[in-house]
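Some labels used for a protein model rest on cut-offs. The questions below ask what stands behind each label.

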Amino acid sequence: MAFAFIKHDTHIDFIGKRHWAYALSTVLLLAGLASAFWGNGLKMGIDFAGGVIVQVQFDQPVDDQALKKSLDIPALPGIATQRFGEGGRDYLLRFSSVENADASALRTNVINTLAAAFPDNPAEIQRLEVVGPKVGDDLTNKALAALYYATLLIAVYISGRFEQRWMAGAIMAAALWGGMYVLGFTGLGMGWLVLLALAITLVVCFFLRLNFALGAVVGLLHDVFITAGLLSILNVEIDLNVMAALLTLVGYSLNDTIIVYDRLRENLRAAPDLTMADLINKSINQTLSRTILTSGTTFVATLSLFLLGGGVIHDFALTMLIGVFVGTASSIYVSSAILLALGDTEFYARAQAKEAYERPGEHGVV
């Protein structure tokens, strides 16, 4: 058992301050959307957009502008340079892939161009990767599909685990899978398909009164959209490392939400006279010590990666740093607080919790 450095009977009014959290989330969401559509946009890496990435190291430091100017030639279209590491000797070069050019020809072009521009400062190519546009499209589609199906399976699990409605969750999953299959014939891109499917998921959860599942899914979407929006504002490139971080954050956010939900389910049965707001506050306060320990240690470890891990892992660590903070807050102010916004959720949730506890094998904490 973790050391409870926060008293078990604390009475912090988290739910009473939820409107401030709603306002902050709204501002972050709108700022992220504005950046994605009218600002920097989502800067897709070569893993998704296709192209070439070259990691080079010079013997001596090189000025950023001088390097970019020397590489602005037809043989290396759309060149972008990024310095990383210490000393100004290491650079990542990104440019559009030249049609019908193989890795050997690209390597030769880069070496010859750098040798001509910096004859007294030889450079060594340490890494060269080429991703074609078709491969990039396939990776994009698979990444979006992974995010959607992860969210859908989470909704099914929450429905069964906390509301004892496995059949309703299974029916929802089957219907949405079939809907996704039918929508595939419309010719829409995977991005639009996933957005439509997520919207249908939320609607189905609402009408089937899968309230815990609805809260969890809204919380996950909140975390992913805000994190992606902040990455757009910061002009961070979305590559496979960042996508892995986003998928990791889906699981991380869900873990904290499940802990709060499980304690709430216990309190729904143990304290039937309390209002839903008081029950949620009580549940959050009772799990606060664990939340701070888990989120705090994760944040410190990720911060160490961000500061000391080097340029290759920098964007992954930054995404995790943002996501840990946003995911922890959403477990309190989104996934839990949304139960208050569903009208008759209080009485419905009490009935479901009582039914679950009256069944054999349902006692205990996750």
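Predicted model: local features only at pLDDT ≥ 70, side-chain atom pairs only at ≥ 80, totals over all residues.

Q: How many helices and strands does the chain have, and what counts as one?
A: The chain has 13 helices and six strands. Helices (H or I, at least four residues) and strands (E, at least two) are DSSP runs, numbered from the N terminus.

Q: Why is Asn267 called buried?
A: Buried means under 20% relative accessible area, exposed over 50%, and partly exposed in between (1.4 Å probe, protein chains only). Asn267 has a relative accessible area of 6%, so it is buried. Asn267 is found in helix H9. Leaving aside neighbours within four places in sequence, Asn267 is in contact (heavy atoms within 4.5 Å) with Leu279, Lys282, Ser283 and Gln286. In the chain, buried residues make up 45% of the 366 residues.

Q: Why is Asn235 called partly exposed?
A: The relative accessibility of Asn235 is 39%, so this residue counts as partly exposed. Asn235 is found in the loop between H8 and strand E6 (237-238). Asn235 has a positive phi of about 60° although it is not a glycine.

Q: Why does Ile292 count as partly exposed?
A: Ile292 has 37% relative accessibility, so it counts as partly exposed. Ile292 has its place in helix H11 (residues 288-308). The C-alpha atoms of Ile292 and Thr328 are separated by 8.9 Å, and these residues are 36 apart along the chain.

Q: What makes E3 and E5 the edges of the sheet?
A: Four strands form an open sheet in the order E3-E4-E2-E5, with antiparallel pairing. Strand E3 (80-84) and strand E5 (123-131) each have a single partner strand, so one side of each is left without a neighbour in the sheet.

Q: How do you know that E2 and E5 pair?
A: Two strands pair if DSSP finds at least two bridges between them. Strand E2 (residues 51-58) and E5 have eight bridges in the antiparallel sense, so they meet the definition of a pair. The bridge partner of Val54 in E5 is Leu128. Helix H4 (residues 103-117) packs on the sheet and touches E2, E4 and E5.

Q: What is the largest nonpolar core, and what makes it a core?
A: A nonpolar core is a set of buried Ala, Val, Leu, Ile, Met, Phe, Trp, Tyr and Cys residues joined through side-chain atoms within 4.5 Å. The largest has 60 residues, and those with the most contacts inside it are Tyr148, Ile158, Met172, Phe212 and Leu264. Among the elements that give two or more residues to this core are helix H5 (133-163), helix H6 (166-183) and H12. A second, separate core of 18 residues includes Val54, Leu67, Leu106 and Phe118.

Q: Which residues of H8 and H12 meet?
A: In H8, they include Gly215, His222 and Leu230, and in H12, they include Thr319, Gly323 and Val334. The axes of helix H8 (residues 211-233) and helix H12 (residues 314-336) come within 9 Å and cross at roughly 145°. Such axes are lines fitted to C-alpha atoms, for helices over the stretch in contact, and angles run from 0 to 180 degrees between N-to-C directions.

Definitions and conventions:
Residues numbered from 1 in each chain as written. Heavy atoms only, no water.
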